[in-house]
Amino acid sequence: MKRIYIPLILLMLLLFVSCKPEEPLVKQDFALATVVKITLRDHATEELMDQLFARLREIEERMSMVKKESDVYKLNHAQGEALQVHEDTYYVLQKAKEYFELTGGYFDPTLGSVVELWKIGTEEAAIPSSEELEKALTHVDGRQIELLDNLQVRIPQGAVLDLGAIAKGYAADEMAKIAKEEGVTSAIFDLGGNVLTLGDKEGKKFRIGIQEPFSEILRGSPFAILLLSNQTVVTSGDYERFFEEDGKRYHHILDFRTGYPVENELASVSIITDSSIRADALSTAVYAMGREKGKAFIESQENLEAIFVTRNKKVSVTTGLSESFILEDSSYHQE
Ligand code: ADP
Ligand code: MG
């Protein structure tokens with residue numbers, strides 16, 4: 001009897017160990033002006049993790065407004081001359097122009113001249129004079145970006161590119177692409193308010209928290225949960241970066257018509273789709289459009305879902321989310 005049981009127990013133990021899911025590998029670092037956290041749930045190696053962060057840094061090095069070696073910095077200082085850029089930058093500029101057209105300018109990658117005046121997110125943030133704003137606005141128009149042959153790009157003198165509302169989405173897509181190629185079937189890429197899920201969690205959708213717009217704690221205080229698999233959720237809101245003066249909040253999403261921070265009833269907008277670059281550009285644009293215009297825009301597009309949160313805590317979600325959106329905070333009212 002004994003002789004039979006011991007090998008049997010060993011076999012069962014072996015089976016149990018081999019069936020046990022891999023420990024997820026998690027790494028967190030600061031990049032693209034935000035905290036980036038990657039969770040790999042299978043095929044996870046330190047080497048792959050390093051490769052993913054290296055790709056992230058590469059994109060940052062090419063698209064930063066402040067790093068002197070970046071394509072964006074060079075274009076902003078090229079005095080109207082054409083320059084050859086990396087294909088990453090060329091691709092993101094192509095997409096940026098596409099979203100500029102699609103949103104009627106609510107997403108505008110040439111708002112840099114205005115962004116530079118406000119300095120929101122820095123110690124020197126202050127309200128610019130109306131003359132300064134007016135002058136800066138003359139350089140704002142996405143159509144000015146000329147995409148030429150051989151990866152050459154030209155912007156007019158005075159125009160300033162800012163890819164801050166789209167680069168994180170691109171980085172998330174690119175990291176997920178690499179992970180997928182390396183065999184990963186389950187992962188989360190979290191770049192601040194920009195989350196991309198690859199696959200699912202042992203057959204169940206990932207539970208992704210949506211940031212509470214009025215919370216003092218910026219990360220990790222969700223008011224709702226979204227069930228996602230192979231999808232991205234990108235949130236834009238007035239709480240990410242702002243300063244206050246005379247009791248008024250000046251935040252980082254700007255109106256291309258006035259150069260002032262957008263003022264409407266929205267506290268945040270989350271966009272859900274399968275491409276993170278698209279979700280990133282459109283979350284900024286739809287936030288800037290406001291609730292009514294934003295909703296009509298979402299409905300006019302294929303494969304695009306959204307969560308709207310107003311300042312008086314009204315929540316509405318598009319029909320495609322009815323099964324996957326779970327409101328957790330009872331101080332909110334879902335319409
Ligand atoms: P976050 O950076 O908080 O994720 P967004 O993706 O909405 O938020 O991007 C906001 C950033 O994009 C701003 O900090 C600014 O650099 C730039 N920006 C501001 N307003 C616009 C706009 N209307 N269109 C495109 N870019 C914008
Ligand atoms: Mg954005």
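Predicted model: local features only at pLDDT ≥ 70, side-chain atom pairs only at ≥ 80, totals over all residues.
Residues are numbered from 1 along each chain as its sequence is written, and chains are lettered from A and ligands numbered from 1 in the order in which they are written. Local features need pLDDT of at least 70, side-chain atom pairs count only at pLDDT 80 or more, totals for chains, interfaces and linings use all residues, and side-chain values use heavy atoms, with hydrogens and water left out.

**View 1. The shell around ligand 1.** Ligand 1 is surrounded by 16 residues (a heavy atom within 4 Å). The closest are Asp162, Lys168, Ser236, His252 and Thr284. By class, the shell holds seven nonpolar, four polar and five charged residues (charged means Asp, Glu, Lys and Arg; nonpolar means Ala, Val, Leu, Ile, Met, Phe, Trp, Tyr, Cys and Pro; the others, Gly among them, are polar).

**View 2. Polar contacts of ligand 1.** These are pairs of N or O atoms within 3.5 Å. A polar backbone atom of Tyr106 lies 2.9 Å from a nitrogen atom of ligand 1. For Leu254, a polar backbone atom is 3.0 Å from a nitrogen atom of the ligand. The side chain of Asp280 places an N or O atom 3.1 Å from a ligand oxygen atom. On its own, ligand 1 has 570 Å² of accessible area, and the protein covers 94% of this (Shrake-Rupley method, 1.4 Å probe).

View 3. The domain assignment gives domain 1 (25-58 + 173-330) and domain 2 (68-154); the bounds come from an automatic or database assignment. Their centres, taken over C-alpha atoms, are 23 Å apart. The contact takes 26 residues from domain 1 and 22 residues from domain 2 (heavy atoms within 4.5 Å). Each domain supplies at least three residues to the shell around ligand 1.

Technical notes. Polar contact = N/O pair within 3.5 Å; in protein donor to acceptor, adjacent residues only side chain to side chain.
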